[in-house]
Amino acid sequence: MSDLLKVSSNPHIRSPYKSSQIMLMVLAALLPASAFGVWNFGLNAFIIIIISVASSVATEYIYERLMHKKITINDYSAAVTGLLLALNLPATVPWWLPIIGSVFAVLIVKQLFGGLGQNFMNPALGARCFLLISFTGRMTDFTYDGISGATPLAALKAGEAVSLKDMFFGTTAGTIGETSVIAILIGAIFLLATGIINLRIPATYIITFALFIVIFGGHGLDGSYLAAQLCGGGLMLGAFFMATDYVTSPITKNGQLIFGIVLGIFTGLFRMFGNSAEGVSYAIIISNMLVPLIEKVTYPKPFGKGGEKF
């Protein structure tokens, strides 16, 4: 009988994947969106991706080397941050802008708070919002086929007609990685199939946002308008690749559901009542900061002394 008892410290249930394996799978899942972004926007998009990833990895290495800390670039989290940041940038930005964004993401948001597992918001989105505030003109300069113009979401907000087909396949203006819904979904299906993420947060997020648009969007049950809102901007990329970040999302099931609802409401508020047509980035980082409160009210209480009673 004693052979059946094993005494060990928690956690007792562990993931079959190491952090480095998870990050490699996320990188693989982002390849379809990255490849389409390069095909859609050309060589500039490829250069931005390379610079952003290299800058993120270099920032992490240099900081840890100078601080005499363990070098952690082999966990590939810095590479994931750099790629996500690049996919959230227009292909027209100058080469120095992803460098500034990468330094902010890895150094300010991640390393100064303790490194992987300690950051309080998604580093890539924190950097994107920082760049949006600091370099608004460059971050909102969207050029497609040599013509500078509004994104489909901006056109939709202005009451103009948009092409759902172009939005679904991605042949529109936007950031490098957000335009092709089908490319994003291919990567998302891979993450779901391998168990890296589950549908709890993305599904709750998307359904809540859809309900918000139906109620407050001013178009009722207009399927075309709703589909355009779902396909436009960074909603799909954010729902599957950034809202599901292990570090900055709740660990409890009920907490994840509440998190998804909060994300959907914030995104709807920013899109419908804000000055900008988009709102995913701000919705996610604000919701990230609410995670400690969400977990406080959803974390199960232990039975016994100081806990719940029968």
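Trainee: How far apart are the closest N and O atoms of the salt bridge between Glu 60 and Lys 110?

Mentor: Side chains of opposite charge can pair when their charged atoms come close. The term salt bridge is used here for a side-chain nitrogen of Lys or Arg within 4 Å of a carboxyl oxygen of Asp or Glu. In the pair of Glu 60 and Lys 110, the closest N and O atoms are 2.6 Å apart. This pair links distant parts of the chain, 50 residues apart: Glu 60 belongs to helix H2 (residues 43–66) and Lys 110 to helix H4 (residues 96–110). Helices (H or I, at least four residues) and strands (E, at least two) are DSSP runs, numbered from the N terminus. The model is predicted, so local features need pLDDT of at least 70 and side-chain atom pairs count only at pLDDT 80 or more, while totals for chains, interfaces and linings use all residues. Residues are numbered from 1 along each chain as its sequence is written, and side-chain values use heavy atoms, with hydrogens and water left out.

Trainee: Are Glu 60 and Lys 110 buried or exposed?

Mentor: Buried means under 20% relative accessible area, exposed over 50%, and partly exposed in between (1.4 Å probe, protein chains only). Both Glu 60 and Lys 110 are buried.

Trainee: How many salt bridges does the structure hold?

Mentor: The structure holds two. Besides the pair already described, Glu 278 forms a salt bridge with Arg 271, with 3.0 Å between the closest N and O atoms. Glu 278 and Arg 271 are both buried.

Trainee: At what angle do the axes of helix H10 and helix H13 cross?

Mentor: Two packed helices are described by the angle between their axes and the distance between the axes. Axes are lines fitted to C-alpha atoms, for helices over the stretch in contact, and angles run from 0 to 180 degrees between N-to-C directions. Helix H10 (residues 200–216) and helix H13 (residues 253–273) cross at roughly 35°, and their axes come within 7 Å.

Trainee: Where does Thr 151 lie, and which residues is Thr 151 in contact with beyond its neighbours within four places in sequence?

Mentor: Thr 151 is found in the loop between strand S2 (147–148) and helix H7 (152–157). Contact means heavy atoms within 4.5 Å. Leaving aside neighbours within four places in sequence, Thr 151 is in contact with Phe 142, Ala 173 and Gly 174. With a relative accessible area of 13%, Thr 151 is buried.
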